[in-house]
Structures are given as structure tokens and as C-alpha cells.
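Dear colleague,

I am passing on the structure below, followed by some notes on what was found in it. Please read them alongside the model.

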Amino acid sequence: MSQTAPLNADLHCHSIISDGTLSPEELALRAHQNGVQVWSLTDHDVLGGQERARLAAENLGMTYLAGVEISISWMNQTVHIVGLGLDQSNAVLEEGLRATRDGRGLRARQMAAQLEQAGIQNSYEGALHFAGNPELIARTHFARFLVEQKICSNMDEVFRKYLIAGKPGYVSHRWASLDEAVSWIRGAGGEAVIAHPGRYKLNTMQMDELYARFKDLGGSGIEVVTGSHSPDQYKTYAKIAERYGFMASRGSDFHDPHESNIDLGLLPHLPEHLKPIWSVFH
Ligand code: AMP
Ligand code: MN
Ligand code: MN
Ligand code: MN
């Protein structure tokens, strides 16, 4: 018997509405051209692109899952929780995301004040120019400003020299809680997924506590194949998915054609023995 090829799902990317540079329509077209069959736009803490993304995706014949990537604070670190297949008009989710966005403007002013002390002028205005909206201003927009000003030659250099703990331009921030993010997503009928687990500066015990608590709260998925993981990490997080009974997700975390090292849809497939999170929606 011939085996059916796995679906090409890309369930993590960003548009101009948060900190990407392409419109939802441009992303949908790019995903489709790269062979994506199941797609989700997961802007940071905002649902403003969902309607456009769905329309564009469905016009191209892709299956669309409404998505979001929620910033949370866990043990003094920032962790990202992706929500998939949710009702984008859910009022509790919308209000929770609005509250999460609320602190970004002030945080950006504090980041700019620090950069000023390091001799970099007008970075708030510069970052806002890229963000368009103080509610959605992210470190990504500051990073683009630092590259534009030739203070750094690329985004990697920015995130080594600036905007991270211990370097100029870093301001610690209290985001939503894990409980809130998972309950907003579940309340809106979606599946909650731990984004790029390989990126967190948490030790094994702290990660285990995160997985266990997330599962208790009703979280069901973990990103295994993402643009943020090395092939070794695909294996590490495949084992975590098995150990905790999580479904696995796959997403490029694409932001921009020049900045992102992995394009939409062009990732390895999930290891075969894992249950893909998109199987819930078929
Ligand atoms: P924020 O939500 O304002 O803390 O900004 C976080 C965003 O910064 C992430 O969503 C990424 O888009 C970007 N970012 C963080 N670390 C890096 C990195 N090492 N390289 C490139 N982009 C990064
Ligand atoms: Mn981002
Ligand atoms: Mn993220
Ligand atoms: Mn992301």
C-alpha cells in the first residue's frame, strides 16, 4: 500500500500587523507558492490580520486555522504560547490580548531611554516608524532601526549586542500568565501550543514544570519543527511531545524574506510517529 505524503502545514508566522514585513495576502501567496496546504498567521498578541489571512488562504485553496502567538511571563522569562483554530471574535480572548498589548508603548519608551544612554538617539521614533502603532511595537522594530542606522549589520548582531538581558535596550516586562493564555485560547475553542521550546533560558526542571502545568491547564501541543530549532532539537522536542502526550506542531516563524532563515512551508516534516496538531481540525 502506498503511504500518503504528510501535509505541508506551516502554523507560525507574522505579518505587518505585528512584527513581520509582509501583508496577510502576501504571506498567503508565498505560503501557497511554497506548497503549504494548512496555514496559520500567528501575529504577536493581535488578531487584526485573521480575516484577511483566512480570505486570502481560502481563495488559494489552503486550509486556514485562525492563530495568535501570546507573550507570557513564566519564572521571570518570556515564553510564547501559540493558539490555533480559535474563534477570532471571542470577546475574552480579544480583551486579554488588548491588555497584553497595553504595556508595549511604555516599555518601548524605556528601551529607547536605555539606548539613548548607550549613545543611540531617537530609537523610539525610529522603531515606531517600523511598527506603525505603539500598541504593537516590539524588539523586532528596534532591531530594524538599529540595522537601518548601520549600528548593527543584521538582526542576529542586534540580538547579540542589544535588546537582550544584560545589554542596552533590554527592559524586563510582565506579560500575561500561562494560566491566562491557555484559558483564553481554550475558551475560544482553540488548541494551545508551546512555541519554540528550544529558545527559553530555563533549566530542565523549570521546563518540566512548564510542560506539566501547561498540560494541567489544557495545553495540548508543542512546536517540534520550527525555524528556531536545530535538527538535534527536533529530536529533543519530539521526545518531550511523546513523554507528555503533546501533539506536535510545525511552523517557520517567518517574519521577512531577508531576515528569516527559513521560508514559509520549507521545513522538514514532523517525525512520523508524532501526532500532528492539525489532525484535530480535519
Ligand atoms: P518582543 O515581543 O517585543 O519582546 O519582541 C520579540 C521578537 O523579537 C520576537 O518575536 C522575534 O521576532 C524577535 N527576536 C527575538 N530574538 C531574536 C533573535 N535572536 N533574532 C531575530 N529576532 C529575534
Ligand atoms: Mn516576532
Ligand atoms: Mn515567538
Ligand atoms: Mn513567532
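In strand 8, Met247 is the bridge partner of Gly221. Strand 7 (residues 221–226) and strand 8 pair in the parallel sense over five bridges, where pairing requires that DSSP finds at least two bridges between two strands, and where helices (H or I, at least four residues) and strands (E, at least two) are DSSP runs numbered from the N terminus.

This is a predicted model, in which local features need pLDDT of at least 70 and side-chain atom pairs count only at pLDDT 80 or more, while totals for chains, interfaces and linings use all residues. Residues are numbered from 1 along each chain as its sequence is written, chains are lettered from A and ligands numbered from 1 in the order in which they are written, and side-chain values use heavy atoms, with hydrogens and water left out.

The open sheet has five strands in the order 4-5-6-7-8, with mixed pairing; its edge strands, each pairing on one side only, are strand 4 (67–74) and strand 8 (247–251).

Turning to the helices, Met111 lies in helix 4 (residues 104–117) and is buried, with a relative accessible area of 1% (buried means under 20%, exposed over 50%, partly exposed in between, with a 1.4 Å probe and protein chains only). Leaving aside residues up to four places away in sequence, Met111 touches Arg139, Phe142, Leu163, Gly169 and Val171, contact meaning heavy atoms within 4.5 Å. Met111 and Phe159 are 48 residues apart in sequence and 14 Å apart in space, C-alpha to C-alpha.
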